[in-house]
Amino acid sequence: MKLGITILGATGSIGSSSLDVISRHPQRFQVFALTAQSRVDALVELCVRFRPEVAVIGDSALETQLRAALRARGLTTQARSGAQALAEVAADERVQIVIAAIVGAAGLLPTLSAARAGKRLLLANKEAIVCAGSLLMEAVRSGGAQLLPVDSEHNAIHQCLVGAADRARDVRRLILTASGGPFRTRTDLSAITPDEACAHPNWVMGRKISVDSATLMNKGLEVIEASWLFGFAPERIDVVIHPQSVIHSMVEFGDGSVLAQLGTPDMRTPIAYCLGFPERVESGSGTLDFLKVAALTFEAPDLTRFPCLQLAYQALSASPAASIAVNAANEVAVEAFLSHRLPFSRIAAVIEETLNQTPMCRPAAVDEVIALDAQARQRAAAVIGRSLHPAPAGLLAN
Ligand code: NAD
Ligand code: MG
């Protein structure tokens, strides 16, 4: 029997890499549902190619347009919309695998829904685990789901840990590699444009994660992600800059052995690993040419130029509410940067100020996570507003 798949965020970078791998295995996988936030045309094109039972558009105002476009193409795919529909296609009984590839905390509810329904959950949407780590891990346990990380670093660690008898006890530390992003060697970070920030040296990705890679917040979010996925305290998660992006991450065991996973920088490899696990299936990725790579180099992250990484460590040590605040403030700041409302060099300051205003607490339910996320977004927006329109000196004196 073919395995039914729902892709949350099918029109994105991870969505399209996933569909590329899936299309190589028509006997094994069948797409059940595809979702997108607002790009109706792109979603319909994917439906023409993959013939899913259901297509969901996040923005409900576009449902009629989606339905008409599907009919016009002669498709029987059912058109649905909104948060409830996203959660339902993630939990549908005809689905065995859910690929969580929505960007941002917006992906949290359908990701939780897949976990509660006991699916094989391929997690790319790191913001979901960053802001609701304990709730997501608990939903995976109670729902009987199988959580497999798509993020290349966590996927590498998963590969290195397979067969480790007792993950936490036998391991000294996890070592996440980071490319260092497009500004690794740039000293002046003042006049950076969105297009420069999105021009990643090794990976082609969505714009938000590309900016996160440029600030190193991506690595910060990944430290938090690794902590929840593998049950490690922040002291046992290290980050090393590795500009070639050939080693995707490493695990150091108690006996001093270090295992690394290597490959070309192509997200189809970790996606195929998760889709086929424990088997290995064809991904379409190229062969790693060691002679072309020639050298693998390593350096320490520069926390003065890239304070976001440090902020994420701080948040992880402080409280779950701090992780929510860092993630939410980052989403707001990156959006402001991408729409030319905030300089690149101010992103970290917005996150830090928001974090400083955040009361520490541990949300016990998803509604509390959503409320804390909303509060942090408001705080971050206010910080950005203040930095654009500083109060006149007279007002400050009062
Ligand atoms: P992207 O921007 O290319 O795609 C995002 C997808 O999410 C799109 O299909 C979009 O329609 C959908 N979406 C956006 N906002 C939504 C909302 N509010 N509600 C519902 N759907 C929404 O992003 P991406 O690069 O594919 O990244 C997706 C996730 O995977 C992110 O969390 C990212 O951090 C993670 N990730 C990406 C890569 C990569 O190589 N691109 C690598 C590791 C992890
Ligand atoms: Mg990654």
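His340 is exposed in this predicted model, with a relative accessible area of 65%. The residue sits in the loop between α16 (320-338) and α17 (347-356). Although His340 is not a glycine, its phi is positive, at about 60 degrees. Most residues other than glycine have a negative phi, and most peptide bonds are trans.

Leu216 likewise has a positive phi, near 75 degrees, and is a residue other than glycine. Its place is the loop between α11 (207-215) and α12. Is Leu216 buried or exposed? Leu216 is buried, because its relative accessible area is 3% and the buried class covers values under 20%.

Two further backbone features may be noted. Phe277 and Pro278 are joined by a cis peptide bond, with omega at about 5 degrees; Pro278 belongs to the loop between α13 (268-276) and α14 (290-293).

Helix α5 itself (residues 108-116) is mostly covered, as seven of its nine residues are buried. Among these buried residues are Leu108, Pro110 and Leu112.

The discussion now turns to the ligands. Ligand 1 is surrounded by 21 residues, and the closest are Thr11, Ile14, Gln37, Glu127 and Gly206. By type, the shell divides into eleven nonpolar, seven polar and three charged residues.

| Residue | Protein atom | Distance to an oxygen atom of ligand 1 |
|---|---|---|
| Gly12 | backbone N or O | 3.2 Å |
| Ala124 | backbone N or O | 3.3 Å |
| Glu127 | polar side-chain atom | 2.6 Å |

Taken alone, ligand 1 exposes 830 Å², of which the protein buries 86%.

Ligand 2 is a magnesium ion, coordinated by Asp151 (OD), Glu153 (OE) and Glu222 (OE) at 2.1 to 2.2 Å. The spacing of these donor residues in sequence is D-x1-E-x68-E. Asp151 lies in the loop between β7 (146-149) and α8 (152-161), whereas Glu222 is part of helix α12 (residues 217-230), so the pair ties together parts that are 71 residues apart in sequence. Both Asp151 and Glu222 are buried.

Technical notes
Residues are numbered from 1 along each chain as its sequence is written. Chains are lettered from A and ligands numbered from 1 in the order in which they are written. This is a predicted model: local features need pLDDT of at least 70, side-chain atom pairs count only at pLDDT 80 or more; totals for chains, interfaces and linings use all residues. Side-chain values use heavy atoms; hydrogens and water are left out. A residue is near a molecule or strand if one of its heavy atoms lies within 4 Å of it. A polar contact is a pair of N or O atoms within 3.5 Å; within protein, one must be able to donate a hydrogen and the other to accept it, and residues adjacent in sequence count only if both atoms are side-chain atoms. Accessible areas come from the Shrake-Rupley method with a 1.4 Å probe; for residues, only the protein chains shown count as cover. Ala, Val, Leu, Ile, Met, Phe, Trp, Tyr, Cys and Pro count as nonpolar, Asp, Glu, Lys and Arg as charged, and the others, Gly among them, as polar. Donors are N, O and S atoms within 2.8 Å of the metal (3.2 Å for Na, K and Ca); water is not among the atoms, so sites may look incomplete. Helices (H or I, at least four residues) and strands (E, at least two) are DSSP runs, numbered from the N terminus. Buried means under 20% relative accessible area, exposed over 50%, partly exposed in between (1.4 Å probe, protein chains only).
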